Amino acid sequence: EATLLIGVSKDPRENTSLPIPTELVVTVKAGVDIDALAKKYRGKVTGRLEALRTYRLEFETAEDAAKALKELEKDPDVEQVQQNYYVEKPTDLKDLDATPLAELGLKPSNSTDPNDCDKVIIGLIDTTTLRDTTGAKGGSKVDSFLLPQIDVAGPSATTYTSPPHGRSMAEAILRSADFSSQGKAKLQILPVNVYGANTQASTYDVANGVYRAINAGAKIINMSLGSEAQSPFLAQVIRQGKAQDVLFIAAAGNKPTTTATYPAADPSVLAVTASDRTGNLANYANRGNFVDVIAPGSSVFQFNGQHYLSTGTSVATAYVSGLASAMADPCKKSYSSIDSQIRQNLAIKK
């Protein structure tokens, strides 16, 4: 009777269905000075995607942002204004003792010819991939598949106690491609760091990262991340990419619920959930009508001489991206045909 129940406070950023209270995403008409517009409504520009005239605005308080939202909706210089949302934190990786992993049989495609139709580039929209500094057998070979990283939200941290999420996704992609093609797939991975040094990204950063990956030649976009909120800006970028025959693959989420996770729930995106070792739906994985396919949800990989286990629908998404790269024959068939084939072959029973 002399004790009080103390509730554990949750980080509000973990609820990805709620908007970031002090931020807006604004698309302006051609010729509009975004800095002057932001100043007019007591905000500042913290993100720029000039090619799409779309910007990330930050305000001092949630009240300022709410007031600006109403005013910007009526401004004739504004094409669209919307709220920005957090993207879920990457899943934790577990270190473990394991026997040495089989060395990758894949060989990277080193072609620099932009007109080379045989080239397959996967845009990895994630955290930093971080290079292996030990030269460990099997681990350093992953680096030979990595193109120079694009940093969307600033540079990442310089030190890590365990490998970042993006690194494990790159490994899962390559392991899947190696197994699916028996070492014959030709691919490169374009790391797009949308987290920077932050624990979470935003839907604006993801859209920006997807746009930049496509412009850099990526035809398969791996998004092992998600939010419960739908971003019109991200949906617009995906539609534009789909019109250019880009294949989008995204994680269904690890709640597990039937709540839709975006961008996976976008009709233009392959939504991937995870299976356990028996091939059944994993107990942590999201399910529901928005889910399209299922794939293995765990991967063991090596980094800096240590073995790690990565688990989740993010891993399953990376496996499907690796499979898609193995199926790709850009000189002869479209990526939309690969999309259709994967939906048919890996369909989850609903």
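Let me begin with E171, which lies in helix 3, residues 165-181, where helices are DSSP runs of H or I with at least four residues, strands are runs of E with at least two, and both are numbered from the N terminus. This is a predicted model, in which local features need pLDDT of at least 70 and side-chain atom pairs count only at pLDDT 80 or more, while totals for chains, interfaces and linings use all residues. Residues are numbered from 1 along each chain as its sequence is written, and side-chain values use heavy atoms, with hydrogens and water left out.

E171 counts as buried because its relative accessibility is 1%, buried being under 20% relative accessible area, exposed over 50% and partly exposed in between, with a 1.4 Å probe and protein chains only. Leaving aside neighbours within four places in sequence, E171 is in contact with L101, V142, F301 and Q302, contact meaning heavy atoms within 4.5 Å.

Turning to the sheet, we have seven strands in an open arrangement, ordered 7-8-6-9-10-11-12, with parallel pairing; two strands pair if DSSP finds at least two bridges between them. Its edge strands, each pairing on one side only, are strand 7 (150-151) and strand 12 (293-296). Strand 7 runs parallel to strand 8, residues 188-193, and is joined to strand 8 by two bridges, with D151 standing opposite N193 in strand 8.
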